[in-house]
Structures are given as C-alpha cells and as structure tokens.
Amino acid sequence: MPTDAPPLPSLAGRTQSARSAEELPPVKVDVERVNFYYGTKRALQDISVQLRSNLVSAFIGPSGCGKSTFLRTLNRMNDLIPGTRLEGTIRVDGVDIYNPSLDVVGLRRRIGMVFQKSNPFPKSIFENVAYGVRLNGLTSSRAELHARVEESLRAAAIWDEVKDRLHESAMSLSGGQQQRLCIARALAVRPKVLLMDEPASALDPIATQRIEELIYELKKTYTIVIVTHNMQQAARVSDYTAFFWMGQLIEYDRTDKIFTAPSQKLTEDYVTGRFG
Amino acid sequence: MERVVRHFQEELGTLQSRLLEMGGLAEDRVRRSVQALEDRDPDAIEQVLKGDEPINELHIEIDNRCFRLLALHQPMAADLRAIVAAVKINTDLERVGDLSINIAEAATRYTLHPPVKKLIDIPRMGEIAQAMLRDALDAYVRRDTALAQAVLTADDELDALKTQVFRELLTYMLQDPSTIEPALDLILISRHLERIGDHATNIAEDVIFMVSARDVRHHASGTSLDRSDD
C-alpha cells in the first residue's frame with residue numbers, strides 16, 4: 001500500500017506546478033507497519049503512512065473500516081480501552097509515541113483531540129478554555145492566562161460571539177458554538193497536531209461550514225487529521241485523503257487525486273457511491 | 001482569523017479572473033490577426049501564428065480549476081451554474097484563439113497576391129467581433145444580462161457583413177479569375193470572424209444562463225431550468 005505523500009496539488013495554477021518533492025512540508029506523523037487489535041480481532045492491518053506538517057489529512061471509509069481506531073492510535077486514546085494492543089511504530093516529530101517511558105498526558109497535550117459530540121465542561125466559557133492551561137501550569141500570571149484564553153477563542157473563530165459573556169455557562173451555547181469552544185479548549189494548550197473525530201457530524205450545514213472554514217484557517221498553524229463519514233466534507237477541507245476499508249489503508253493521496261482519479265478500484269467504487 | 005471567509009468563494013474569484021485574462025488574450029489575438037492582414041505585415045502575422053501558447057496553457061489551467069472545484073466543493077445553484085458556464089466559456093475562448101491563427105494563415109496566403117480591393121468590411125467585422133467578445137466578458141464579470149442580450153443582437157450585424165463580403169468578392173472573382181485565390185482567402189477570413197462572433201454569442205448565452213438560469217440557446221426563448229421537465 002502507498003506510504004509517502006506524493007507532491008502537493010498542482011491544479012491551483014501553473015504557479016504551483018513547479019513545487020517539487022523537496023518542497024513538501026516535513027513529516028509530522030510517521031506511521032510504520034501498524035497493526036491494532038481489540039482482543040484477538042485485528043482492527044488495523046499493516047498501516048504505513050506519513051502525515052505532513054500544516055496539511056489537513058482526512059480519513060474516509062465505510063463504518064467499521066478502522067478510520068477512527070487509527071485516529072485514536074495517534075494520541076494513544078486506545079490505551080484507555082482494555083484488551084487492546086498495538087504493533088508497529090508511530091513517531092511524532094521523530095519521537096516514538098509508544099515508547100513505554102513516554103509521558104502519555106504530555107503526548108495528549110501535544111496531540112489534541114476534538115470529538116464528534118461537543119463535550120464542554122459544565123463550567124463557564126472562560127473556565128472551559130482556561131482549564132487545561134491551568135492544569136498544565138502553562139501560564140504564570142492571570143493576565144497571561146486571560147491572553148491565552150482570548151487567543152484560543154479567536155483562533156477557534158468564536159471570540160466575537162462570546163467575548164461579552166465569558167463567565168456564562170458553556171452549556172448556554174449552541175451546538176456549533178460548543179464545538180468551536182471545544183476546539184478553542186484543545187488549542188489553548190498549544191498542541192502540534194489536532195485530531196478531529198467527526199467534528200461536524202452533529203451540526204447543521206451553517207455550523208458545519210464554519211467548522212470547515214476554521215479547519216482551513218487552523219492548518220496554517222497546526223497539522224490536522226480529520227475523520228469524517230462525509231466524503232464531501234473530506235473533499236472540501238483536506239489536502240490529502242486516506243481511504244480505509246476493512247482495517248486496511250487502501251489509498252492515500254492528494255485529495256483532488258482521490259476524488260477525480262483515484263488509482264485503486266476500491267477507492268473509485270467508494271467515492272462514486274457504488275458501495276459503503 | 002476571526003472573520004469566516006469562504007475560501008471556496010475566493011477560488012471562484014480566482015477562476016473568474018483567470019477566465020478574464022484568457023478573454024483578454026483571445027480578444028487581443030483577434031485584433032492582431034486582422035491588423036496584420038490590413039497592414040500586410042509578415043512579422044505581425046508570424047507573431048499571431050506563434051503566439052497561441054499562453055491561451056492553450058490557460059485553457060488547460062482553467063479546465064483543471066473547474067474540474068477541481070466541481071469535484072471538491074460540490075457547488076450548487078448559482079455557484080454550479082458559474083462553474084459550468086466557465087467550462088463552456090473557456091472552450092469558446094480557446095476556439096477564438098484558434099480562429100485567430102486560421103485568420104493569420106489565410107493572411108499569409110493572401111499577402112502573396114496583390115490586394116483584391118481595399119479592405120473595409122473585414123476590418124469592420126474584426127471590430128464587431130472584438131466588441132462582442134469584450135461585451136460578453138464584461139457581461140460575465142458584471143452579471144449583466146442586458147449587455148449579454150446586446151451581444152446576441154450584434155451577431156446579426158456580423159452575419160449580414162459576412163454575406164455582404166461574399167457577394168462583393170463574388171463579383172470580383174467573376175470579373176477577374178486571377179483574384180479567385182486571394183478572394184477565397186478573404187471569404188475564409190470573413191467566415192472565421194463570423195465564427196468568432198458565434199463564440200461570443202455562446203459566451204453571452206452562458207452568461208444569461210449563469211445569471212438567471214434561463215436557457216436562451218437555439219431560440220429556446222428563455223426556458224427555465226424548472227420547466228425543463230415539461
């Protein structure tokens with residue numbers, strides 16, 4: 001199966017077609033021959049892939065194909081599920097994240113995650129964002145904490161909507177606002193990588209569009225991986241797309257390639273809606 | 001960061017400006033080919049013959065942009081019509097570029113002979129064809145269906161001039177068989193200019209469809225999309 005990412009899209013114009021392989025952004029997440037087991041069931045088969053900095057990679061595939069399982073291996077969220085086991089290596093910035101001596105909490109700070117269902121704490125908007133910052137002792141003064149909260153809320157494109165009600169409960173926000181608040185909360189601890197598991201699937205089209213635009217903005221700063229069952233969303237927001245099928249990575253390529261001329265028949269059948 | 005911009009809209013804007021660039025190139029090539037014919041200037045003719053590359057490159061680039069926008073953004077309604085219109089306008093403009101070459105080729109042959117007559121109607125046709133292209137593209141940018149409609153009307157004038165050119169040159173050919181070869185090239189050139197007008201007409205029709213979702217092609221007299229199943 002393909003491993004390394006091919007060159008960037010050239011379709012955005014002749015000006016970009018000169019981009020060559022050496023101009024690709026550096027590899028952020030390097031996955032080598034990963035197998036993953038729930039008990040005796042092998043949920044991921046021999047996955048190798050390289051995700052590059054400041055790009056959005058989307059994982060698509062039918063239900064149960066392993067895309068969410070794979071996402072969760074990237075910040076060891078699967079560790080929380082009893083009876084699971086991983087073989088192979090995953091390196092982030094060259095560091096093996098399954099090294100037994102690694103601080104898993106620190107890892108999850110560097111690799112943030114946003115879930116399908118927004119899950120704000122039953123606290124104020126401000127406290128939701130400040131929580132992780134305080135917990136990790138990332139700021140040294142109250143002013144600095146405030147600045148960090150504002151910066152995160154701005155980055156998540158929700159500042160204007162909440163700046164006058166920072167001390168109201170996060171539960172008073174709409175679904176789309178709650179999801180952006182959760183993104184702000186994830187950004188507040190300044191992760192390097194942001195994992196998003198169906199971040200817009202519970203939202204209406206307008207809120208979805210805001211999240212998608214936000215992803216487009218955030219990739220300037222972060223490396224983003226998004227799992228989505230919505231193929232159109234993957235097409236809209238991502239630079240690279242990985243198609244998973246029955247625990248295998250069938251194809252990983254530039255998103256425009258996957259959706260206009262995939263190289264694998266299975267991918268073609270899936271994106272044209274012939275199965276899945 | 002705060003403002004939510006739809007980057008899709010930005011890409012549509014880029015598509016539009018590239019298409020306009022292509023239109024400007026096509027219009028310029030029509031002007032140059034007719035001017036080179038009038039001036040009987042072999043260097044200028046040669047420049048037209050060799051200068052097709054920028055248009056051809058844009059042709060491919062614009063198609064790729066449209067292809068990508070359709071595949072990745074699943075545009076709807078006005079956005080969908082704008083991209084489908086861009087695909088078609090792109091093809092028309094590329095053909096205008098090719099027709100300019102055809103004019104330059106005929107001009108090469110024509111200038112091997114003494115002039116059949118002073119050129120009046122053909123330069124006039126060139127001006128009308130250029131104006132039609134310009135107006136069609138302005139209509140595209142400004143979403144101006146009235147201007148697009150005016151382009152459709154201008155085409156009648158061009159067609160009439162083509163017939164006039166043919167009749168006039170026929171009398172020359174009947175009087176003096178030595179004019180047959182160069183006169184045939186002028187007739188071909190008038191035919192090419194008339195075809196350029198047809199492409200401008202197509203563009204204007206696409207603009208009307210893009211703006212108002214009305215199909216005015218083939219005297220369809222404004223069939224709306226929502227009536228297409230009648």
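# Two chains, question by question

Reader: Over residues 1-5 of chain B, how many contacts beyond four places in sequence does the model have?
Author: This is a predicted model. In chain B, pLDDT stays under 50 over residues 1-5. Where pLDDT is low, the predicted coordinates should not be read in detail. For this stretch, the number of contacts beyond four places in sequence is 13.

Reader: What share of the residues of chain B score at least 70 in pLDDT?
Author: Start with the average for chain B, a pLDDT of 93. The model as a whole scores ipTM 0.76 and pTM 0.83. In chain B, the share of residues with a pLDDT of at least 70 is 93%.

Reader: In what order do the elements of chain B run from the N terminus?
Author: Chain B holds seven helices and two strands. Its C-alpha trace spans about 70 × 40 × 25 Å along the principal axes. Read from the N terminus, the order of elements is α-α-α-α-α-α-α-β-β.

Reader: What part of the residues in chain B is buried?
Author: Buried here means 20 or more other C-beta atoms within 10 Å. Chain B has 230 residues. Of these, the buried part is 38%.

Reader: Are α1(B) and α5(B) roughly parallel or antiparallel to each other?
Author: Helix α1 of chain B covers residues 7-39, and helix α5 of chain B covers residues 121-142. Their axes come within 10 Å and cross at roughly 175°. Angles over 145 degrees count as roughly antiparallel. Therefore the relation of α1(B) to α5(B) is roughly antiparallel.

Reader: How many residues of the contact of α1(B) with α5(B) are nonpolar?
Author: Leu20(B) and Val30(B) are among the α1(B) residues that make the contact, and Leu133(B) and Leu137(B) are among those of α5(B). Three residues of this contact are polar and four are charged. The number of nonpolar ones is 10.

Reader: Which helix of chain B gives the most to the side that touches chain A?
Author: The contact between the chains takes 16 residues from chain B and 19 residues from chain A. The side of chain B divides into six nonpolar, four polar and six charged residues. Nine residues of that side come from one helix, residues 53-73, and this top contributor is α3.

Reader: What is the order of strands in the open sheet of chain A?
Author: Strand β1 (residues 27-38) and strand β4 (residues 84-92) of chain A run antiparallel and are joined by eight bridges. Two bridges join β4(A) to β5 (residues 95-96), again antiparallel. The edge strands of chain A, β2 and β5, each pair on one side only. The order of the four strands is β2-β1-β4-β5.

Reader: In β4(A), what is the bridge partner of Asn35(A)?
Author: Follow β1 across to β4 in chain A, where eight bridges join the two strands. Phe36(A) stands opposite Leu86(A) in β4(A). The partner of Asn35(A) is Glu87(A).

Reader: In the hairpin of β4(A) and β5(A), which residue takes a positive phi near 50°?
Author: Val92(A) has Val95(A) as its bridge partner in β5(A). The hairpin of β4(A) and β5(A) has two residues between the strands. The residue there with a positive phi near 50° is Asp93(A).

Reader: Is Arg33(A) buried or exposed?
Author: Arg33(A) belongs to strand β1 of chain A. Its phi is near 45°, a positive value in a residue other than glycine. Most residues other than glycine have a negative phi. Because Arg33(A) has 12 other C-beta atoms within 10 Å, it counts as exposed.

Reader: How far apart in space are Arg72(A) and Met113(A), C-alpha to C-alpha?
Author: Arg72(A) sits in helix α2 (residues 67-73) of chain A. With 20 other C-beta atoms within 10 Å, Arg72(A) is buried. Arg72(A) and Met113(A) are 41 residues apart in sequence. In space, the C-alpha to C-alpha distance is 9.0 Å.

How values were computed:
Residues are numbered from 1 along each chain as its sequence is written. Chains are lettered from A and ligands numbered from 1 in the order in which they are written. This is a predicted model: local features need pLDDT of at least 70, side-chain atom pairs count only at pLDDT 80 or more; totals for chains, interfaces and linings use all residues. Axes are lines fitted to C-alpha atoms, for helices over the stretch in contact, and angles run from 0 to 180 degrees between N-to-C directions. Angles under 35 degrees count as roughly parallel, over 145 as roughly antiparallel, 65 to 115 as roughly perpendicular and the rest as oblique. Two residues are in contact if their C-beta atoms, placed from the backbone, lie within 7 Å. Ala, Val, Leu, Ile, Met, Phe, Trp, Tyr, Cys and Pro count as nonpolar, Asp, Glu, Lys and Arg as charged, and the others, Gly among them, as polar. Two strands pair if DSSP finds at least two bridges between them. pLDDT is the predictor's confidence in each residue, from 0 to 100.
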